[in-house]
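Please keep the sequence and the structure in view while reading.

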Amino acid sequence: MDLTSYAEWAVRLVNDPHPPPELIGLRDELAAVFDGTGGEEAVVARLNALLVHHPVRPQLSGHDGQRWHLHLAVSADGTADAAAGAVMGLAAVVAELGADRLGRCQEPRCLRAFLDTSSNRSRRYCSARCASRANVAAYRARRRRGQ
């Protein structure tokens with residue numbers, strides 16, 4: 001089961017300034033995971049607490065001509081299972097790649113969450129736009145200082 005799409009959904013939720021009211025609490029809980037306050041052990045403790053609070057319900061699924069594969073089950077309202085999927089996706093990323101792969105954009109006006117899937121753990125910005133904005137600002141600051 002590839003849980004990356006669930007982790008990416010968690011990123012989108014954290015970055016959503018106006019989520020549905022029923023997901024605001026989850027967004028704030030996931031944002032604390034991305035903030036990384038307290039280091040890797042604190043991130044893991046937060047995720048473990050969220051996994052207890054939002055248990056995962058896997059379900060076999062066969063659709064679109066695909067073989068049987070696992071999905072995380074979706075309930076009628078989708079809220080509880082969306083939370084479980086988001087938490088499970090982030091937990092899988094941390095287990096496979098490490099907590100340092102959950103990041104916040106280093107562009108001071110942005111601070112959006114992102115997953116660092118680079119091969120050398122070098123991602124610092126949520127997008128090419130923010131990276132460019134930060135590079136231009138640094139260039140202009142150097143020119144003002146006469147360097």
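## Burial and overall dimensions

Of the 147 residues of the protein chain, 36% count as buried, where buried means under 20% relative accessible area, exposed means over 50%, and partly exposed lies in between, with a 1.4 Å probe and protein chains only. This is a predicted model, in which local features need pLDDT of at least 70 and side-chain atom pairs count only at pLDDT 80 or more, while totals for chains, interfaces and linings use all residues. Residues are numbered from 1 along each chain as its sequence is written, and side-chain values use heavy atoms, with hydrogens and water left out.

Taken along the principal axes, the C-alpha atoms fill a box of roughly 60 × 35 × 30 Å. The chain exposes about 9100 Å², of which carbon and sulfur atoms supply 52%; accessible areas come from the Shrake-Rupley method with a 1.4 Å probe, and for residues only the protein chains shown count as cover.

## Order of elements

The protein chain has five helices and four strands, which run α-α-α-β-β-α-β-β-α from the N terminus on. Helices (H or I, at least four residues) and strands (E, at least two) are DSSP runs, numbered from the N terminus. Among contacts with a separation of 6 or more, 42% come from residues 24 or more positions apart, a contact being heavy atoms within 4.5 Å.

## Nonpolar cores

A nonpolar core is a set of buried Ala, Val, Leu, Ile, Met, Phe, Trp, Tyr and Cys residues joined through side-chain atoms within 4.5 Å. The largest such core has 24 residues, and Leu 30, Phe 34, Leu 90, Leu 102 and Leu 115 touch the most other members. At least two residues of this core come from each of α1, α2 (24-35), α3 (39-53), α4 (79-97) and β4 (113-115), with α4 giving the most, six residues. Leaving aside residues up to four places away in sequence, Leu 30 touches Ala 10, Leu 13, Val 14, Leu 50, Ala 86, Val 87 and Leu 90. Apart from this core lies another, of seven residues, including Cys 105, Tyr 125, Ala 131 and Ala 134.

In the segment before α1 (4-15) is Leu 3, which counts as buried at 12% relative accessibility. Not counting residues up to four places away in sequence, Leu 3 touches Leu 72, Met 88, Gly 89 and Ala 92.

## Cysteines

With a disulfide taken as a pair of cysteine sulfur atoms within 2.5 Å, the count comes to zero. Cys 105 is in no disulfide, and the nearest cysteine sulfur, that of Cys 130, is 3.8 Å away; Cys 105 is buried, with a relative accessible area of 1%. Cys 130 is likewise in no disulfide, its nearest cysteine sulfur being that of Cys 110 at 3.6 Å, and Cys 130 counts as buried at 4% relative accessibility.

## Positive phi values

Most residues other than glycine have a negative phi. Leu 111, however, has a positive phi near 65°; Leu 111 lies in the loop between β3 (102-104) and β4 and counts as partly exposed at 48% relative accessibility. Arg 121 also has a positive phi, near 55°, and lies in the loop between β4 and α5 (128-144), where Arg 121 counts as partly exposed at 43% relative accessibility.
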